[in-house]
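Student: Please pick one part of this model and go through it closely. Then place it in the wider fold.

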Amino acid sequence: QVRLVESGGGLVQAGGSLRLSCAASGNIFSINAMGWYRQAPGKQRDLVALITSGGTTNYADSVKGRFTISRDNAKNTVYLQMNRLNPEDTGVYYCNAEEHDLPPEFGSWGQGTQVTVSS
């Protein structure tokens with residue numbers, strides 16, 4: 001089992017930046033990809049960015065060019081650098097670990113961190 005702990009959320013004005021961190025522990029060798037998901041109030045949880053064990057990245061169209069996902073293997077940590085934030089980026093951000101080549105819903109989730117962007 002993988003345990004994920006997120007940090008870095010907060011309140012920021014539109015145009016500002018935040019960096020989220022997700023530290024993984026436990027059976028990390030089962031992880032084949034890690035992603036950040038966002039859930040806005042009253043909406044479903046959607047993928048924001050993903051990075052595979054091979055380093056391939058994928059982004060939602062709405063964040064391309066503004067967000068960057070990266071990882072530090074020595075620290076077992078994945079980051080989400082968010083620039084030029086706008087109010088539509090507001091939501092709870094969840095870290096996910098895809099394990100054993102299964103879909104993300106079968107993997108591990110962090111507790112979530114709130115990001116609020118004021119206009």
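Tutor: Start with Thr 113. Its relative accessibility is 10%, so it counts as buried (buried is under 20% relative accessible area, exposed is over 50%, partly exposed is in between; 1.4 Å probe, protein chains only). The model is predicted: local features need pLDDT of at least 70, side-chain atom pairs count only at pLDDT 80 or more, and totals for chains, interfaces and linings use all residues. Residues are numbered from 1 along each chain as its sequence is written, and side-chain values use heavy atoms, with hydrogens and water left out.

Thr 113 sits in strand S11, which covers residues 113-118. Strands here are DSSP runs of E with at least two residues, and helices are runs of H or I with at least four; both are numbered from the N terminus. The Thr 113 side chain reaches the backbone nitrogen of Gly 9 at 3.2 Å. That is a polar contact: a pair of N or O atoms within 3.5 Å, where within protein one must be able to donate a hydrogen and the other to accept it, and residues adjacent in sequence count only if both atoms are side-chain atoms.

Now the neighbours. Leaving aside residues within four places in sequence, Thr 113 is in contact with Glu 6, Ser 7, Gly 8, Gly 9, Leu 20, Gly 91, Val 92 and Tyr 93. Contact means heavy atoms within 4.5 Å.

Follow Gly 9 to Arg 19. The two are ten residues apart in sequence, and their C-alpha atoms are 7.5 Å apart in space. Arg 19 belongs to strand S3, residues 18-26. At 46% relative accessibility, it counts as partly exposed. Beyond residues up to four places away, Arg 19 touches Ser 7, Gly 8, Tyr 79, Leu 80 and Gln 81. Ser 7 and Gly 8 are also among the contacts of Thr 113.

Next, strand S8, residues 77-82. Thr 77 lies in this strand. With a relative accessible area of 9%, Thr 77 is buried. A polar atom of its side chain lies 2.9 Å from the backbone oxygen of Lys 75.

Two loop residues deserve a check. Arg 84 lies in the loop between S8 and strand S9 (91-99). Its phi is positive, about 50°, although it is not a glycine. Arg 84 is exposed, with a relative accessible area of 52%. His 100 lies in the loop between S9 and strand S10 (108-109). Its phi is also positive, about 55°, and it is not a glycine. His 100 is exposed at 54%.

Finally, the whole protein. It has eleven strands and zero helices. Of its 119 residues, 45% count as buried. Among contacts with a separation of 6 or more, 54% join residues 24 or more positions apart. Along the principal axes, the C-alpha atoms fill a box of roughly 40 × 30 × 25 Å.
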